[in-house]
Amino acid sequence: MIPHSDNREREERLERFVHQTLRELPGRRAPRALEQRVLAEITRRAGLPWYRKDFAHWPVAARVGFMIVCAAFVVACIGAANLAITGSVWMMAGFDPAQFRLAFAPQLLWMENGLAVVHAITGFFEIIGRNIPPLWLYGGLALIATMYVTLVGLGAAAYKTLCVQR
C-alpha cells in the first residue's frame, strides 16, 4: 500500500505537469463567421438611438423626465382610484349636496392649499423681479457668461496640457 503523502505528492506533480502543458498550448481563435457576427452586432448596437438602449445609457435629462412622468402617473392613478371609490360611495348613498361637499372637502382642501402656495411663490418672484434694476440683471447675466467662457477655456487648456501630449 502506498503511503498517503506519496500519493499526494504524485497528484501535485501531475497537476503541475498538466497545468504547464495546458499553459504552453496556443490560444484558439474564434471561428471567422462568429467573429464577424459579433463585431456586426456590436456595431449595430452602437448605432442605436439612445431611447432604444438600456435605461442606464439614456441622457440624464431623459431619465429625470421619465421618472417625473412615472411619478405623475402614479399620483394620477391614486387620485383616480380615490375619486372612483369616493364617487361610488356617494352614488350608493344617494345625491345630497351637503354630503358631496363633505366627501370631497379633503381633496379640494389640499388642492386649494397647494394653489395658494403656488400663487404666493409666483407673487414673491414677481415682486423681486420688479424691484431688481435691469442693469443688475444684465450685469449678472454678463458675469455668468464670462464665468462660463472662462470655465470652458480653462477646461480646454487643461485637456490640451494633460491629455494631448500623451
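Predicted model: local features only at pLDDT ≥ 70, side-chain atom pairs only at ≥ 80, totals over all residues.

Reader: Which helices each supply at least two residues of the lining of the largest pocket?

Author: Residues are numbered from 1 along each chain as its sequence is written, and side-chain values use heavy atoms, leaving out hydrogens and water. A pocket is an open set of points on a 1 Å grid over the protein atoms alone, where a 1.4 Å probe fits, with protein on both sides within 12 Å along at least five of seven lines; lining residues have an atom within 4 Å of a point. Helices are DSSP runs (H or I, at least four residues) numbered from the N terminus, and those that each supply at least two lining residues are α3 (60-93) and α4.

Reader: How many charged residues are in the lining of the largest pocket?

Author: The lining has 10 residues, with G79, L83, Q107, W110 and M111 nearest the pocket centre. Asp, Glu, Lys and Arg count as charged, Ala, Val, Leu, Ile, Met, Phe, Trp, Tyr, Cys and Pro as nonpolar, and the others, Gly among them, as polar. By class, there are 7 nonpolar and 3 polar residues, and the number of charged ones is none.

Reader: Which residues are linked with E35 in a network of salt bridges?

Author: A salt bridge here is a side-chain nitrogen of Lys or Arg within 4 Å of a carboxyl oxygen of Asp or Glu. E35 meets R29 at 3.0 Å, N to O, and meets R32 at 3.5 Å. E35 and R32 both lie in helix α2 (residues 32-46), 3 residues apart, about one turn. The partners of E35 in the network are therefore R29 and R32.

Reader: Is R29 buried or exposed?

Author: Buried means under 20% relative accessible area, exposed over 50%, and partly exposed in between (1.4 Å probe, protein chains only). R29 has 62% relative accessibility, so this residue counts as exposed.
For R29, then, the word is exposed.

Reader: What separates R44 and E41 in helix α2?

Author: These two form a salt bridge, with the closest N and O atoms 2.7 Å apart. Because R44 and E41 are 3 residues apart in helix α2, their separation is about one helical turn.
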